[in-house]
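Please read the following report alongside the sequence and the coordinates.

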Amino acid sequence: MSQQLQIWERLPDEEIVVKANELITSQLNWTTREYRVFIAHVSQLNRDDKDFDEVSIRLQELCEISDTNTESLYSEMDQIADRLTDKKINVGKGIEGRQTGGYVNVYSSCTYDASTGEITGEFTEKMRPLLLQLKEHFTMYYRRHALAMRSTYAMRFYEILKRYEYQGRFQLSVEELRTIFGLEDKYSRFGDLKRNVIDRAQEELDEKGDVTFEYQVLREGRSPVAIDFSIENVHDEEIEDPPDIDLESPSESQEQEDDRLQKFDTLPEKIQQDIKQKALRKAKHNNPDGGKMLIESQMWMYAIKIAREKGHMD
């Protein structure tokens with residue numbers, strides 16, 4: 001809870017999204033643009049209120065936060081507002097959902113005013129215990145990170161990571177994952193689910209999130225039954241440039257570099273893989289436009305740095 005309270009102190013209210021955990025893991029299947037509007041509206045709530053007032057977000061602001069093309073979003077806003085008015089969530093079918101409950105209408109009204117460029121909504125009474133006066137069992141996060149994601153899958157994974165961030169890891173059965181994302185009738189092959197949902201979300205989180213994840217598929221025989229997720233805080237794991245390596249003009253001799261790479265190759269394979277994954281993310285983050293050779297060379301520099309810091313190498 002202390003980390004959440006620090007967020008409250010650092011950020012203005014409109015930058016923070018607060019949702020009941022039950023809502024974080026409920027079942028829904030929305031488009032990326034619909035879910036962006038929903039997150040933006042939730043961030044506008046006065047969370048100490050007992051009842052809902054109307055909330056509005058300017059599309060220009062939403063486009064700037066999410067790096068979205070303004071013209072394409074403006075042309076669709078009337079349809080998005082109409083669809084949001086009819087949207088439901090299934091709070092009884094999430095992994096933390098009630099045994100009874102079922103579908104809940106989210107918006108009592110949602111309209112777009114082209115003259116002001118604002119989309120205004122009001123939530124239903126059924127949403128009140130999920131969004132207002134939350135004292136426990138809730139999740140908080142910085143809206144800018146969620147809105148920057150390019151897919152609903154990544155936005156929802158981001159919320160789930162924030163839900164379990166204090167634990168550092170969590171497990172979902174394959175069935176639970178399908179339920180949360182509303183994918184019971186899509187991606188029937190696990191390989192397709194892994195590629196289009198899990199790996200895609202991981203890639204976006206690596207690029208734009210303040211948290212990301214690694215995962216391991218758990219199997220019974222050859223059948224995947226669950227996924228074990230470990231959560232990694234990108235900022236907490238910030239890797240400083242090695243003090244004895246200038247990334248622009250390396251000062252180490254080729255002999256020293258080769259010696260360290262040979263020592264790295266003697267580490268257990270699992271340790272090598274974990275370190276290389278972290279180092280690769282760091283290299284890509286620092287060089288978003290870098291070519292393959294530059295990224296690979298810096299990945300190895302960071303890998304050696306991490307291995308030495310963790311005591312795996314001298």
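Predicted model: local features only at pLDDT ≥ 70, side-chain atom pairs only at ≥ 80, totals over all residues.

Residues are numbered from 1 along each chain as its sequence is written, and side-chain values use heavy atoms, with hydrogens and water left out.

Helices (H or I, at least four residues) and strands (E, at least two) are DSSP runs, numbered from the N terminus. Helix 3 has twelve residues and reaches 17 Å from its first C-alpha to its last, close to the 16 Å expected at 1.5 Å a residue, where the expected span is 1.5 Å times one less than the number of residues. Eleven of the twelve residues of helix 3 are buried, a term that means under 20% relative accessible area, with exposed being over 50% and partly exposed in between (1.4 Å probe, protein chains only). Among the buried residues of helix 3 are Glu-34, Phe-38 and His-41.

The axes of helix 3 (residues 32–43) and helix 9 (residues 152–163) come within 9 Å and cross at roughly 35°; these axes are lines fitted to C-alpha atoms over the stretch in contact, and angles run from 0 to 180 degrees between N-to-C directions. On the helix 3 side, Thr-32, Tyr-35, Arg-36 and Ile-39 meet Thr-152, Met-155, Arg-156 and Glu-159 of helix 9, contact being heavy atoms within 4.5 Å. An α-helix has 3.6 residues a turn, so residues three or four places apart point the same way.

| Strand paired with strand 6 (residues 118–123) | Sense | Bridges |
|---|---|---|
| Strand 2 (residues 55–58) | antiparallel | four bridges |
| Strand 5 (residues 107–113) | antiparallel | six bridges |

Within strand 6, Gly-121 is the bridge partner of Val-55, and Phe-123 is that of Tyr-107. The hairpin of strand 5 and strand 6 has four residues between the strands, and Gly-117 there takes a positive phi near 70°.

The structure holds zero disulfides, a disulfide being a pair of cysteine sulfur atoms within 2.5 Å. Cys-63 counts as buried because its relative accessibility is 3%, and Cys-110 is buried at 5%.

Asn-233 lies in strand 10 (residues 223–233) and is buried, with a relative accessible area of 19%. Leaving aside neighbours within four places in sequence, Asn-233 is in contact with Glu-165, Asp-210 and Val-211.

How values were computed. Pairing = 2+ DSSP bridges.
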